[in-house]
Amino acid sequence: MSEAHILCSTDHHEMGIWAAWSLLRYLPQTRLVLHLDGAIPAGAAQQWSRIFPDARILTRRESLVLVEGRLANFGAVRRWTAAYYCGLKLGGFHAAALTDRLIEFDADTLVLRHPHVLLQWLDQDAVRMRWNRDHRQCYAYPWRLVRDVVGNSIGPPPELLNGGFILAQRMGDTDWAFLDDVLVRFDADPRTDPLRYWMHQTIAAVFASTLGEAARALPADYAVSKGTTLADTTMRHFAGHPDMRPRFFTEGVGLVIQDAIVQGHLPADFPQGPRT
């Protein structure tokens with residue numbers, strides 16, 4: 001069994017619903033866990049519940065209560081999860097998880113066609129972590145500085161880790177102890193700030209670098225890209241870039257609907273649009 005965890009901010013609920021539906025139509029046994037980050041627009045909770053009736057919906061406070069309990073012995077991770085703008089994607093997702101397998105995905109991702117490789121790796125015990133490859137290295141600091149601060153226990157930088165779409169094994173106490181020490185070191189060194197932008201995927205990359213072959217990137221058809229969505233794209237992260245984000249609706253949603261028609265995924269009450 002697995003869960004799919006998404007952190008959704010006030011302005012991203014419409015995107016988030018499309019993101020979740022595009023993924024879960026291929027994973028009917030996977031339960032959605034929605035972590036709310038801020039106020040929820042009027043009617044949004046009802047929309048989520050109607051489309052995903054089995055979903056767990058957690059307010060930010062409810063997620064942080066779970067973090068306080070699960071990470072009681074890991075103060076640095078616990079504090080960072082509460083303070084960082086998307087800290088719930090680390091501490092919150094794993095503290096709330098009820099299954100050993102998690103899919104962590106952003107509200108600006110869409111699964112455009114059958115994710116064969118993802119489904120294949122989902123059930124492989126040897127897989128600890130898989131991620132969508134970024135279009136360039138987007139870590140908070142150069143890896144040489146990261147290694148200087150964290151120490152030689154980490155490996156070479158992972159292959160362009162992007163934090164928008166990750167298949168992960170639920171973290172245990174040994175993992176949390178390691179990450180707690182990493183965050184203590186980042187906080188203590190005057191050259192680094194654990195709250196800097198891109199720190200979530202930097203921490204994920206540090207962790208991945210210790211896992212060897214158990215952690216590597218998803219194939220190229222899951223990678224972040226600029227420009228028009230390519231025909232062979234399986235999953236696209238429409239990241240916050242002017243040449244990516246607008247394409248979520250102008251290209252991505254239409255491609256999801258086209259694939260859903262072919263696969264027979266559309267619900268009976270889905271609007272058919274104007275007839276010609």
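Modeller: With a term: a nonpolar core is a set of buried Ala, Val, Leu, Ile, Met, Phe, Trp, Tyr and Cys residues joined through side-chain atoms within 4.5 Å. Keep in mind that this is a predicted model.

Biologist: How many residues does the largest nonpolar core have?

Modeller: In soluble globular proteins, nonpolar side chains tend to be buried together. Here the largest nonpolar core has 46 residues, and M129, W131 and M199 are among those with the most contacts inside it. Elements that give two or more residues to this core include β6 (129-133), α7 (143-150) and α9 (199-208). The most comes from α9, with seven residues. A second, separate core has 40 residues, including Y26 and L167.

Biologist: Which residues does M199 touch, not counting those up to four places away in sequence?

Modeller: M199 touches W80, Y84, A140, Y141, F186, D193 and P194.

Biologist: How are α7 and α9 placed, roughly parallel or roughly perpendicular?

Modeller: Two packed helices are described by the angle between their axes and the distance between the axes. The axes of α7 and α9 come within 12 Å and cross at roughly 70°. Angles of 65 to 115 degrees count as roughly perpendicular, so α7 is roughly perpendicular to α9. Their crossing is right-handed. On the α7 side the contact is made by W143, V146 and V150, and on the α9 side by T202, A205 and V206. Of these residues, five are nonpolar, one is polar and none is charged.

Biologist: Is D259 buried or exposed?

Modeller: Buried means under 20% relative accessible area. D259 has 12%, so D259 is buried. It lies in helix α10 (residues 247-263).

Key. Residues are numbered from 1 along each chain as its sequence is written. This is a predicted model: local features need pLDDT of at least 70, side-chain atom pairs count only at pLDDT 80 or more; totals for chains, interfaces and linings use all residues. Side-chain values use heavy atoms; hydrogens and water are left out. Buried means under 20% relative accessible area, exposed over 50%, partly exposed in between (1.4 Å probe, protein chains only). Helices (H or I, at least four residues) and strands (E, at least two) are DSSP runs, numbered from the N terminus. Contact means heavy atoms within 4.5 Å. Axes are lines fitted to C-alpha atoms, for helices over the stretch in contact, and angles run from 0 to 180 degrees between N-to-C directions. Angles under 35 degrees count as roughly parallel, over 145 as roughly antiparallel, 65 to 115 as roughly perpendicular and the rest as oblique. A crossing is left-handed if the near helix is turned anticlockwise from the far one by less than a right angle, and right-handed if clockwise. Ala, Val, Leu, Ile, Met, Phe, Trp, Tyr, Cys and Pro count as nonpolar, Asp, Glu, Lys and Arg as charged, and the others, Gly among them, as polar.
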